[in-house]
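I opened this entry to keep a record of what I looked up, going from backbone to side chains.

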Amino acid sequence: IVAGKEFWDRIRNRWVLAVALVFTVFALVIAYFGGAQQGAVGFRSIEFTIASLVSLVIYLIPLIALLLGFDAIVGERERGSLDLLLAMPITRFELLIGKYLDHLPLYRQERIFERAGFAIPRATLAQWVGQCGVALQPLVEALKAEMLTHMVLHADETPVALLNPGSGKTDRAYLWSYCIGAHHPVKAVIYDFAESRAGSHARDFLGDWRGTLVCDDYAGYKALFSTGITEAGCLAHARRKFFDLHTQNQSLIAADALGYFGQLYQIERDAAGFTPTERQQLRQSQAKPIADHLHTWLIQQRQKVPNSTASAKAIDYTLKRWAALTRYLSDGQIPIDNNWIENQIRPIALGRKNWLFAGSLRAGKRAAGIMSLIQSAKLNCHDPHAYLKDVLTRLPSQPNSRIGELLPHRWRADTTLT
């Protein structure tokens with residue numbers, strides 16, 4: 001019924017198996033020699049008594065129960081008759097989908113199973129999730145290695161709660177997110193769970209990578225730009241300063257600034273589907289003159305507004321980051337903003353309202369790996385359910401040299417095992 005390691009994982013109480021085997025042999029001996037007093041032995045003897053047959057059945061039950069995985073028969077209440085089936089990959093990937101795509105925490109899935117008649121402890125469900133996380137980790141590492149071969153990446157981070165076992169409270173941890181540039185045909189995202197927002201986490205993740213990083217103005221990224229990494233800013237953040245100013249105060253300066261930003265974004269919409277070279281040419285011919293005019297206008301307006309006002313702060317933010325904000329004009333691969341990675345963080349924001357916190361740093365890292373594959377599968381228009389089902393089935397026998405075939409941007413539905 002089950003092959004290899006999956007089978008032996010179910011036989012946890014080896015002594016039960018040994019006892020069952022001993023009594024089975026004993027029952028067979030009684031059955032075989034049951035008619036010895038009449039001078040006839042063997043299973044075909046008419047003296048193969050009913051008592052011997054009953055003994056055989058009684059002593060075979062524990063062995064059969066163990067082999068079939070029905071541990072509830074031998075007294076373990078928490079395992080239902082479908083426990084072995086539920087532990088197999090065909091159900092483990094459904095557990096992952098429920099937790100990380102449908103945002104159902106394990107305590108809710110535990111209740112769902114209980115209503116269906118299967119009392120599966122939450123600790124067992126957590127163990128299965130952890131095992132899947134370990135099994136999928138080589139695929140996550142391969143995805144990260146491939147991501148770091150691209151020269152334009154996005155980065156952002158969002159807070160999540162991390163359980164502090166000693167106090168029973170939660171600390172603030174962070175889920176760092178990285179993805180390949182929005183204009184690149186390869187779509188992939190990786191989440192990296194860390195216990196803090198320190199910039200060292202981004203440095204450790206990127207390692208020796210040297211390219212253009214699209215990010216916001218968070219200070220944690222600043223140290224990277226002294227090591228050879230090029231900074232590209234997010235024009236949406238600058239625009240948001242003026243949008244909030246206009247919404248709150250009906251500022252005329254903000255309204256004029258939004259007009260400039262609108263022209264720049266319209267050019268990006270016009271360039272949709274362009275090659276990087278075509279996009280760069282369009283930006284240079286149409287967007288750069290508008291950006292230069294905006295820069296001159298901002299300097300003029302800054303001289304007219306008092307310090308410490310909302311208008312001054314919005315203008316100062318844009319002028320301070322002007323070089324990074326306009327870097328996209330000189331490279332058709334660089335996006336105008338960081339919205340691409342922010343869109344990948346939205347599922348995390350929804351999920352943390354349901355699963356509330358990570359139980360440990362290790363659990364957080366495993367969860368980040370699983371979510372990376374699920375979200376990358378979605379980016380490549382795959383059904384995450386079908387994708388996880390296939391890769392969890394194929395990974396144990398997949399050669400390391402061919403692990404890249406299972407990456408979300410290379411995987412194809414027609415390769416799914418049936």
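This is a predicted model: local features need pLDDT of at least 70, side-chain atom pairs count only at pLDDT 80 or more; totals for chains, interfaces and linings use all residues.

After helix 15 comes Cys-381, and its phi is positive, near 65°.

As a reminder to myself, strands of a sheet pair through backbone hydrogen bonds, and the sense can be parallel or antiparallel.

Going through the pairings, I found strand 1 (residues 152-164) antiparallel to strand 2 (residues 169-180), with 12 bridges between them. These two strands form a hairpin with 4 residues between them, and in the turn Gly-168 has a positive phi of about 75°. Strand 2 is also joined to strand 3 (residues 189-194) by 6 bridges, again in the antiparallel sense. I followed Tyr-174 across the sheet: Tyr-174 is the bridge partner of Pro-159, and in strand 3 the bridge partner of Tyr-174 is Ala-194. Strand 4 and strand 5, by contrast, pair in the parallel sense over 3 bridges, and there Val-214 stands opposite Ala-232 of strand 5.

How many aromatic pairs does the structure hold? I noted 7. One of them is formed by Trp-176 and Tyr-221, an edge-to-face pair with 5.9 Å from centre to centre and 80° between the planes. Because Trp-176 lies in strand 2 and Tyr-221 in the loop between strand 4 (212-214) and strand 5 (230-232), this pair ties together parts that are 45 residues apart in sequence. Trp-176 is buried at a relative accessible area of 0%, and Tyr-221 likewise counts as buried at 0%.

I next looked at Phe-242 and Phe-261, whose ring centres are 5.9 Å apart with the planes at 40°, so this pair is tilted. Since Phe-242 belongs to helix 9 (residues 235-249) and Phe-261 to helix 10 (residues 252-270), the contact ties together parts that are 19 residues apart in sequence. Phe-242 is buried, with 0% relative accessible area, and Phe-261 is buried with 0% too.

Returning to Trp-176, I saw that ring pairs link it with Tyr-218 and Tyr-221 into a cluster.

Elsewhere, I found Lys-241 over the face of Tyr-317, at 4.8 Å from the ring centre.

A disulfide is a covalent bond between the sulfur atoms of two cysteines. With a cut-off of 2.5 Å between the sulfur atoms, I recorded a count of 0 disulfides. I also looked up two cysteines for burial: Cys-132 counts as buried at 4% relative accessibility, and Cys-179 is buried with a relative accessible area of 0%.

Note on methods. Residues are numbered from 1 along each chain as its sequence is written. Side-chain values use heavy atoms; hydrogens and water are left out. Two strands pair if DSSP finds at least two bridges between them. Rings of Phe, Tyr and Trp (its six-membered ring) pair if their centres lie within 6.5 Å; planes under 30 degrees apart count as stacked, over 60 as edge-to-face and the rest as tilted. Buried means under 20% relative accessible area, exposed over 50%, partly exposed in between (1.4 Å probe, protein chains only). A charge sits over a ring if NZ of Lys or CZ of Arg is within 6 Å of the ring centre and within 35 degrees of the ring normal.
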